[in-house]
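The following exercises are to be worked with the sequence and the three-dimensional structure at hand. Each task is followed by a solution in steps.

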Amino acid sequence: MNILEVDQISLKTGKIKRLDRCSFDVKSNEIFGLMGQNGSGKSSLIRSILGLQTPQQGEIRFFCQRSEVGYVPQHYSFYEEYSVERNIRFFRNLCDNPYSITKILDEFELSEFKEMKAAHLSGGYKRLLNMAVSMVRPLRLLILDEPTANMDIFMRRKIMSVVERVAEGDMSVILTTHFVDETESYCDRIALMASGRIRAAGTVREIVSQYGGDYVIDATCEDGERLMGALKKAGYETHKERHSISTSIPHAMGNTGIVEALRIYSKFEVSRLNVQEPSLSRAMQVLVEHD
Amino acid sequence: MIRTLHHYLNELRFAFSQGFLLYLLFLYPFLVIMVVGIAFQNPQAAVAQIGIYSEDPALVQTMSQYKNFHLTRVGSAQEAENLVRRGNVPASFVVTRCGPYYERDISAGIEACDPQLYITIVQDPSRTSEIGFLKIIFDAALMEKMTISAHNITLVQETAAQISRDLPPMRRNVSLIRDNLQSKEDELDKIKSEIDLAEINRSIQGIDNLTEFFSITINQSNQTQMELDSLALKIENENSLALRDISELKNNELTAIESQINIGWRKREAYEAKLYNYQTKLDGLISRISSLQNVLNSALMYRPGDQNVILAINQVNTIQSELYNTRSDLVSAQSELGAIDFNAMLAKTGDAKYAASNTAQKIQAFSDTSLQRIQSAKAQLAVFSDQSQAIRDKLIENRQRLVGIYDSAERAQGRIDQINTEIGEAIDNSYAVQVRLVHSEDLINAFTSISPEDFTPPQISDRSIIQSNNQLLFNFPFLLLINIAMFSLLFPIVMTSKLGENGVEDRMRQQGHIVSYLVGRFLGLYTIVILQTMLFFVFASLLFGIINFSPEIMLQILTILVVVLPFTAMGFLLSRLISKVAIGVLVTLLLFIPMVFMSGKLLPFIFMDPIMKTLGSLQPFSVALNVLESAFFRCIGFECQVMDFLFGYAYCLLMAAGCLFFSALLWTSRTITWKTRWGCREKK
């Protein structure tokens, strides 16, 4: 069951085309990732979905009420002059059926800072507060615009674990991010964006299998010429760069192909061996380069 | 409603969390009031030197009691003006009951307080900022003067009684004047009848005819001169042709004939010589024939009957006779040739050439004579034409004079008619005046019989701003409004920019609830602006006592509350359009400074172009200032300024409503989600 359907959205500001016929849907209880490089149109798409910008074409269908949609902007959007609790209290007061302040503070691990002025929080906790003030009421869809940008690895994990936790209920999440590992780890489905268009959409596995490239075995061998001969004889595409020999194994051959290739490698004295799997970052690179 | 309240309280909380606001709210009003208060509390500076010319001594007496200015009395309006021109006083009042200042009074706008007095404020244009202050003082002075007038009613009654006594002789004078007017009317009628316009008209017509005649004559003369020129040209042309024909053609022909004659003559001489030669030869042949005859005769004699000789003798005889005949013909031809008279022929040819030459001379002489006569005729015609021209010009000049005389005469007749009509009306009126005089006498008698206590003095407030020398009071509404306008325009922009910067605006837009957000925020901003305004009010009262807590204070506070509204709403609307504080400051200055300059306070309206004056008086700052000044200064009779207050309040409320409406419109237009469908149902 879908919570959101985006249908052929196009957005132009002046003469610049920000979005070009973008379509995707978000299902209930899933985390949907929007990936793309800077300027690919992720934030414009989010703002168009939220009605902060009006697209020229297309339609956006929410299968919930406006009050059931939460938005966490990229920048801190709370009152830095207020305390943490005051901020949560204010935004909570604007909602119908809000959660209790204590619950919100606990949920976002802000209880110990509740008296602290928001301006004095660290960057990571500011980000958590930013999320907290968006989630002071029951939501069915939460939209996060780069929630982990400029965060260290620990804070990123903390934020994403919070996202994962809140998404466990009856809530869908759309998040935009640059980080492949986050997407691979947390997103059920993703859409890859480049130049305002959605180039690919689906599960991570689907996208990787389609665009993530072949398995590549990269090795250094003293007797390189013979190794290359043996691999070519077995039907593998091989090429040499200085001392390094790379062998591509088509995705379709899967593990069998890798095992067979490694068997050949094992007959030679190999000083270094590395097996690269098809990946999302390669898929992204391929799609961006293709664009 | 609750949401609006939350937004309202949050706006206040957010504003107070800003450090700069504490300065703006508390320190700034205090500093301004302190500086301006000290500046205007100087007792020396409080006394203004004012020149006055008044036809109402009571008014001058009233005004001289006031502490705010020192009056310099002068004897005429001109002197009052001269005082200002010489720089002795910054301004003069000219108060007349009627006369040339009537038109100027209207622009001063004070006559409404007392329709019987016409007041002009003569002002040094370089010191125009004081004019509003002078007007305020004058307003109050007039109102207080009315009180004195009411209490001086006994004096008026005595004067009225005196007038009543003077009325019967006036009635008699009116009769005398009427008789006099009647006689003058008759005289004028007589003068009018003596002016004969028809005769002047006929003279003009006669001159017109003569002028026309001379014009025709001049034209004909000019035409004749042209014809004479043409004739002279023709004579000259034909004369030259005739002369050429005679002197050249004929002479050439005759000379050719003469040469032919000479040739013939020479040929005849040649033929004569040849004929003589032939004659001589014939004579020789004849003599030789005669000799031959003799020989033949001798031969016959020797040979008689010889036939050959006889035949020869016969033929020789025949030849001899033919020779004689030929000689005879030759002689005859000689004589005929000699008979031709070439001399006579040459003489005749010479005569012919002489005759031709003579004819050419005659033609030349005739031509010269004709041209001389034509030139003479032309000269005479030119003289005649000039004389005719001069006469015609003279006639035209005389005609113009006559036309002028005609117009003057006609105007004189018209004026006589008008004067007669006026005299007729005056005569008619004189009867009415006499009736009115009788009626006035009755009224005055009735008036003088009433006791002074029966008159109710005008209702005025016991609060007199004139009695105070606190100049801050006069400048307070302007000072207050400057701060209200500046702060109201800028503060919403600053606050909204801060909210925009920290992303709260985006969050609010995403959440919807437009009305509660806009209304809550506006009320919050309005409260803070009011707070600052009230602090001005309180500081000014506590520090310099500008407010005496009279019943009008409620009206003053209400007016402040209303006046703040449009400016805050304008600032709120601008904050929707401007997202950066720097641009907001710039736009505020661009808006604020012209409003202040066009408010009529710094640059008075009476010196402005009428259209700009109207525009200036209808702009928010002017309307707000007007209603504030009304609340602070003109509370003496609120009922006489109800319309001012109603207009001012309505203007402020409408302006605020309009700005808020457009703010909401702008907000909505940026969050239109017409591409978005909320609450859709999953298709089965």
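Helices (H or I, at least four residues) and strands (E, at least two) are DSSP runs, numbered from the N terminus. The model is a predicted one, in which local features need pLDDT of at least 70 and side-chain atom pairs count only at pLDDT 80 or more, while totals for chains, interfaces and linings use all residues. Residues are numbered from 1 along each chain as its sequence is written, and chains are lettered from A and ligands numbered from 1 in the order in which they are written.

**Exercise 1. Backbone angles**

Task: Determine where A:Arg21 lies and whether A:Glu146 is buried or exposed.

Solution. 
- Step 1. Most residues other than glycine have a negative phi.
- Step 2. A:Arg21 is not a glycine, yet has a positive phi of about 45°. A:Arg21 belongs to strand S2 (residues 16-27) of chain A.
- Step 3. A residue is buried if 20 or more other C-beta atoms lie within 10 Å of its own, exposed if 12 or fewer, and partly exposed in between, with C-beta atoms placed from the backbone. A:Arg21 has 13 other C-beta atoms within 10 Å and is therefore partly exposed.
- Step 4. A:Glu146, likewise not a glycine, has a positive phi of about 45°. A:Glu146 is located in the loop between strand S6 (141-145) and helix H5 (153-166) of chain A. With 21 other C-beta atoms within 10 Å, A:Glu146 is buried.

**Exercise 2. A helix pair**

Task: State at what angle the axes of helix H4 (residues 123-134) of chain A and H5(A) cross, and which residues meet.

Solution. 
- Step 1. Axes are lines fitted to C-alpha atoms, for helices over the stretch in contact, and angles run from 0 to 180 degrees between N-to-C directions. The axes of H4(A) and H5(A) come within 10 Å and cross at roughly 15°.
- Step 2. Angles under 35 degrees count as roughly parallel, over 145 as roughly antiparallel, 65 to 115 as roughly perpendicular and the rest as oblique. H4(A) and H5(A) are therefore roughly parallel to each other.
- Step 3. Two residues are in contact if their C-beta atoms, placed from the backbone, lie within 7 Å. From H4(A), A:Gly124, A:Arg127, A:Leu128 and A:Met131 meet A:Met155, A:Lys158, A:Ile159 and A:Val162 of H5(A).

**Exercise 3. An enclosed strand**

Task: Explain why strand S8 (residues 189-194) of chain A is largely enclosed, and identify how S8(A) and strand S9 (residues 197-202) of chain A run.

Solution. 
- Step 1. 5 of the 6 residues of S8(A) are buried, so the rest of the structure largely encloses this strand.
- Step 2. Two strands pair if DSSP finds at least two bridges between them. Strand S3 (residues 31-36) of chain A pairs with S8(A) in the parallel sense over 5 bridges. A:Phe32 has A:Arg189 in S8(A) as its bridge partner.
- Step 3. S8(A) and S9(A) run antiparallel and are joined by 5 bridges. Opposite A:Ala194 stands A:Arg197 in S9(A).
- Step 4. The hairpin of S8(A) and S9(A) has 2 residues between the strands, and A:Ser195 in this hairpin takes a positive phi near 50°.

**Exercise 4. The contact of the chains**

Task: Find how many residues the contact takes from chain A and from chain B.

Solution. 
- Step 1. Chain A gives 28 residues to the contact and chain B gives 24 residues.
- Step 2. On the side of chain A that touches chain B, the largest share, 5 residues, comes from S4(A).
- Step 3. S4(A) and strand S5 (residues 676-677) of chain B pair in the parallel sense over 2 bridges. A:Arg61 stands opposite B:Arg677 in S5(B).
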